[in-house]
Amino acid sequence: MSDIKPDINLLDFSLETLKEYFVTIGEKPFRATQVIKWLHQMNVDSVDQTTNLSKPLRTFLTENTVIRAPEIIIDQQSADGTHKWLLRLADGNAIETVFIPEDDRGTLCVSSQVGCALDCTFCSTARQGFNRNLTTAEIIGQLWVAKRTLQADPKGPRVVSNVVMMGMGEPLLNFDNVVNALRLMLDDNAYGLSKRRVTVSTSGVLPALDRLADTLDVSLAVSLHAPNDELRDQLVPLNRKYPIKELLATCRQFLAKKTTERNHITWEYVMLDGVNDSDEHARQLAKLLRGIPSKVNLIPFNPFPSTRYARSSNNRIHRFRDILVEAGYTVMTRKTRGNDIDAACGQLAGEVNDKSRRDIHFARIEQGK
Ligand code: SAH
């Protein structure tokens, strides 16, 4: 046996790509379905456990592939039951994944990149800079690890019923790997989550959003945060490339390619004291979204060290919400969870090794890649 680890990770495959791989090694495609079930329903970490596979296939997989998920370095639990995992990747980077239990669901907040290149001024992930995209195995591996841990929870097993791509990174800048992982989340042979319960959150990478509309059926959340370009340019610098008017047009098209599940867009709006939270901003927002089936998700700002922003007062958030409700919108104010362990929105930081690669990534965005 050599010490060199094979670089084919079985967690990198969706059902479709595993079938293709099996054909290239002379195996029957239906074996792929069996393997996917072992990996993602039974969450095995060794080919030895896949007892219904033929001996030759098991030997082949043992010699030529690995099952490698991110490794838990820290599993912090908040007083409110929220888990935050710091997960180590094979190259030494670390990412964060958060589980938020509620009475009727359990939501896993999944990262898509090591750091983030978008540089939103109110987000602590932006401070980490950008290192690289996560692989499919590293994205689905977060769900794999969470499911295994939560099943064995001493306080009783918990189930991941919902996934939100709202951890570190911009999912639509890692399109192929994110889509592959989403396919596994939706696949009945893997996690079998309903389309309504899998949400991609984006700052609005419009060409990729167009592609998503044609590729997969999932729920969409858009990080809007401001009702006009002048303010959004400051908060979400990507707006300078893809301004609000174009963003809304793309979102309308997304909804037009309608399926039963795809019937509204959730708009995320972080409440920043004295910045974007006035009555006038609320009225502008109500006008802006008119005609688009919408839910508005107000997110009280979660502070982090060295930020120049503060959270809007509860009174202000209520007033802002009331204006939108009076205008006919469904509004949710996101409860802040896991605050005591820095697991709330925008507080995920991980450990990004080389933070200097943001410029490279931005150059790629500029080229439309
Ligand atoms: N890049 C994607 C995924 C990140 S999702 C996106 O922009 O949608 C995380 C959500 O939390 C986004 O809406 C983000 O804007 C918001 N957020 C970021 N920093 C925050 C903070 N400090 N407080 C509250 N919400 C924040």
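**Notes on a predicted model**

1. Let's start with helix α5, residues 136-151.

2. Where does α5 kink? The kink is centred on Q142 and amounts to about 25°.

3. How does α5 sit in the structure? Of its 16 residues, 13 are buried, so α5 is largely enclosed by the rest of the structure.

4. Next, have a look at E27, in the loop that joins α1 (15-24) to α2 (30-40). E27 is buried, yet has no salt bridge. Leaving aside residues up to four places away in sequence, E27 touches F22, S54 and L57.

5. F22 turns up again among the aromatic residues: ring pairs link F22 with F13 and Y21 into a cluster.

6. How many aromatic pairs does the structure hold? There are five. One of them joins Y269 and F320; this pair is tilted, with 5.1 Å from centre to centre and 35° between the planes. The pair links distant parts of the chain, as Y269 lies in strand β12 (residues 265-271) and F320 in helix α11 (residues 314-326), 51 residues apart. Are these two residues buried or exposed? Both Y269 and F320 are buried.

Notes. Residues are numbered from 1 along each chain as its sequence is written. This is a predicted model: local features need pLDDT of at least 70, side-chain atom pairs count only at pLDDT 80 or more; totals for chains, interfaces and linings use all residues. Side-chain values use heavy atoms; hydrogens and water are left out. Helices (H or I, at least four residues) and strands (E, at least two) are DSSP runs, numbered from the N terminus. Buried means under 20% relative accessible area, exposed over 50%, partly exposed in between (1.4 Å probe, protein chains only). Lys and Arg count as positive and Asp and Glu as negative; His and the chain ends are not counted. A salt bridge is a side-chain nitrogen of Lys or Arg within 4 Å of a carboxyl oxygen of Asp or Glu. Contact means heavy atoms within 4.5 Å. The bend at a residue is the angle between axes fitted to the seven residues ending there and the seven starting there. Rings of Phe, Tyr and Trp (its six-membered ring) pair if their centres lie within 6.5 Å; planes under 30 degrees apart count as stacked, over 60 as edge-to-face and the rest as tilted.
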